[in-house]
Amino acid sequence: MGVKLTAIDPTGADRDALVEFFSSQSFPFHVAADAWSTGTVMERIAVGYFLNADNAAFWLDHDEFGRVGYVRLEDLRDDTPMFDLRLSEQHRGKGLGVDALNAIAGHVFSTTRALRIEGQTREDNHAMRVVFERAGWTQEAHYRHAWPAADGVRLASVACAILREEWQAGRTLGVHWQDRPRFRPRKSAGITYASNVLPSLGELLHLYDAVGWSAYTEDPARLLRSLNGSAHVVCARVDEELVGLARIVSDFGTLVYVQDVLVDPRLQRRGIGAELIRSVLEPFDDIRQTVLLTDDAPALAAFYRLFVKESVDR
């Protein structure tokens with residue numbers, strides 16, 4: 001069972017229903033939280049608020065519960081439409097939000113050339129933020145003091161979006177938040193090292209498979225999320241071929257954790273691993289604690305201990 005969008009005829013058959021919907025209930029997490037007056041609804045109908053060249057309003061109709069709410073799609077001629085979603089009071093808390101977002105995405109991407117859809121909610125609307133996440137939308141922005149609440153407090157506005165290719169593929173691509181390069185690409189002994197330029201999924205799978213880390217390659221989506229969530233990623237390439245990678249996670253204050261260091265077996269014992277560790281830790285030389293876990297092989301442990309210590313001592 002799911003939600004479908006039914007076009008609203010604001011000046012005809014749906015006029016009275018619109019007046020009833022907006023004048024009979026409040027929407028606590030909207031900027032204008034109180035119920036609208038009949039005059040306000042009629043005025044907005046008259047000026048084309050619910051239907052014009054850029055915007056269109058729809059009822060949300062559910063297979064089991066019937067009419068459960070309303071959505072207004074905005075800026076439909078733009079690359080990034082937005083929406084105003086409102087569930088009726090009696091249908092809130094029933095888990096209908098994900099179905100509603102799926103219906104919105106399906107309609108927009110099927111009927112327009114939009115590249116992405118964006119929605120915003122206030123920071124304390126935890127239910128809606130969970131809905132965004134479960135529907136496969138990605139948080140892209142956190143606008144501080146951007147949402148005026150009724151009590152005069154300025155809250156943050158959280159923006160989430162879904163891309164057309166994510167909707168088509170049925171999977172989330174995610175965002176690499178720490179994407180700013182920490183140093184310019186540099187070359188040493190024929191190897192080019194680059195900061196925060198993520199490789200393709202195919203390159204990642206090939207490298208992780210080459211070193212025998214099948215636990216990573218069995219779940220490619222999780223591997224991508226891991227790279228996107230890293231504090232710093234450094235790649236080593238020979239010409240255009242990925243031959244090494246190192247990544248860390250960090251709280252950016254007191255701790256940096258060296259998570260992965262990989263070198264293509266064909267090029268091991270040439271100093272690439274050492275340079276990857278030096279490079280990935282370079283921007284974090286003021287962090288108080290550096291952590292690296294490895295197998296208990298004495299030679300391997302000594303190798304990592306040497307270069308982590310050098311990084312901390314610099």
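Phe 22 and Tyr 70 are both buried, where buried means under 20% relative accessible area with a 1.4 Å probe and protein chains only. The model is a predicted one, in which local features need pLDDT of at least 70 and side-chain atom pairs count only at pLDDT 80 or more, while totals for chains, interfaces and linings use all residues. Residues are numbered from 1 along each chain as its sequence is written, and side-chain values use heavy atoms, with hydrogens and water left out.

A pair of aromatic rings is described by the distance of the centres and the angle of the planes. Rings of Phe, Tyr and Trp (its six-membered ring) are taken to pair if their centres lie within 6.5 Å; planes under 30 degrees apart count as stacked, over 60 as edge-to-face and the rest as tilted. Across the whole structure, 19 aromatic pairs are found. In one of them, Phe 22 and Trp 36 are stacked, at 4.1 Å centre to centre and with 15° between the planes. This pair links distant parts of the chain, since Phe 22 lies in helix 1 (residues 15-23) and Trp 36 in the loop between helix 1 and helix 2 (38-46), 14 residues apart. Helices (H or I, at least four residues) and strands (E, at least two) are DSSP runs, numbered from the N terminus. Both Phe 22 and Trp 36 are buried.

Phe 22 also forms an edge-to-face pair with Tyr 70, at 4.9 Å centre to centre and 85° between the planes. Because Phe 22 lies in helix 1 and Tyr 70 in strand 3 (residues 66-74), this pair ties together parts that are 48 residues apart in sequence. Arg 44 lies over the face of Tyr 49, at 5.0 Å from the ring centre, and the charged end of Arg 86 sits over the ring of Phe 27, 4.9 Å from its centre. Such a placement requires NZ of Lys or CZ of Arg within 6 Å of the ring centre and within 35 degrees of the ring normal.

The largest nonpolar core holds 30 residues, of which Leu 60, Val 71, Leu 73, Phe 83, Leu 85, Leu 101 and Trp 137 touch the most other members. A nonpolar core is a set of buried Ala, Val, Leu, Ile, Met, Phe, Trp, Tyr and Cys residues joined through side-chain atoms within 4.5 Å. Helix 3 provides the largest share of this core, seven residues. Buried residues of helix 3 include Ala 100, Leu 101, Ile 104 and Phe 109.

Strands of a sheet pair through backbone hydrogen bonds, either parallel or antiparallel. Two strands are counted as paired if DSSP finds at least two bridges between them. An open sheet of six strands has the order 8-9-10-11-12-13, with mixed pairing. Its edge strands are strand 8 and strand 13 (289-292), each of which pairs on one side only. Strand 8 (residues 186-188) pairs with strand 9 in the antiparallel sense over three bridges, and Arg 186 stands opposite Tyr 193 in strand 9. Strand 9 (residues 191-195) is mostly covered, with four of its five residues buried. Four bridges join strand 9 to strand 10 (residues 232-238) in an antiparallel arrangement, in which Ala 194 has Cys 235 as its bridge partner.

Definitions and conventions. Buried means under 20% relative accessible area, exposed over 50%, partly exposed in between (1.4 Å probe, protein chains only).
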